[in-house]
Amino acid sequence: MTKPARAPPTSARIVPLPRGTTVEMARLVCPDAAQATRIAESFGFLFQAEDGIRDLHQRLITETADALREGLNERAMQIHLQRIVGSYVGSAHGAGQFYSRAVTEARQATAKLANDTRDEDLDGPVGFESAAQRKREFAAEVAVQAHALRMAAEGAAAAYEHVVGESWKPFERQPEQPGETVSRKAAEVQMAAFG
């Protein structure tokens, strides 16, 4: 019986870390004010003014930072706010992606209705909505929600910039070098101090 050949050991591979979600990414997938207003009006939904949501969240984050100022140093405040804004941006981005999927499903269901030879996609009995209509209404609801979350994220990012003094960007952990440990780095720094 022969033994299978073993591959020679390979050095550690550095895997690039996934990039964080940015405010711009959330803006790209969420409807803007004009689109959200048009959708809300088309479906008869109430629509809250975008400036109110944005301003409220900017004030909320700024007031929270003011309340924490005595207990946190600048770096701790930056880290804390970075996490808060990141959660808002991540939520808006997720809602925008969900909105995109809902629109795709609504389009597909509506396109099926245009085919006269299909019986299963015909409108329901009088007084009941078709499946395509329900999907369109759901996509419209999700559009308004995604826009509201986008405005909340933009307000939180504006507050971060006001408090910290720099634009918010997602946290990206720096990849560690293979073999480098914290204790090894600390030992190198300590030994360098001896000269």
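**Exercise 1. Helix H3**

What span should the 19 residues of helix H3 (residues 50-68) have, and how far apart are its end C-alpha atoms?

*Solution.* The model is predicted: local features need pLDDT of at least 70, side-chain atom pairs count only at pLDDT 80 or more, and totals for chains, interfaces and linings use all residues. Numbering runs from 1 along each chain as its sequence is written, and side-chain values use heavy atoms, without hydrogens or water.

Step 1. Helices are DSSP runs of H or I, at least four residues, numbered from the N terminus. Expected span is 1.5 Å times one less than the number of residues.
Step 2. For H3 this gives 27 Å, and the end C-alpha atoms are 27 Å apart, which agrees.

**Exercise 2. Faces of H3**

Find which residues of H3 are buried.

*Solution.* Step 1. Buried means under 20% relative accessible area, exposed over 50% (1.4 Å probe, protein chains only).
Step 2. Ile 53, His 57, Ile 61, Thr 62 and Ala 65 are buried.
Step 3. Down the axis of H3, these fall within an arc of 155°, so they line one face. The arc uses directions from the helix axis to the C-beta atoms.
Step 4. Exposed Glu 63 and Ala 67 sit on the face turned away from the buried side.

**Exercise 3. Val 85**

List the contacts of Val 85, leaving aside neighbours within four places in sequence.

*Solution.* Step 1. Contact means heavy atoms within 4.5 Å.
Step 2. Val 85 touches Ala 156, Ala 157, Tyr 160 and Trp 168.

Key. Helix = DSSP H or I, 4+ residues; strand = E, 2+ residues; numbered from the N terminus.
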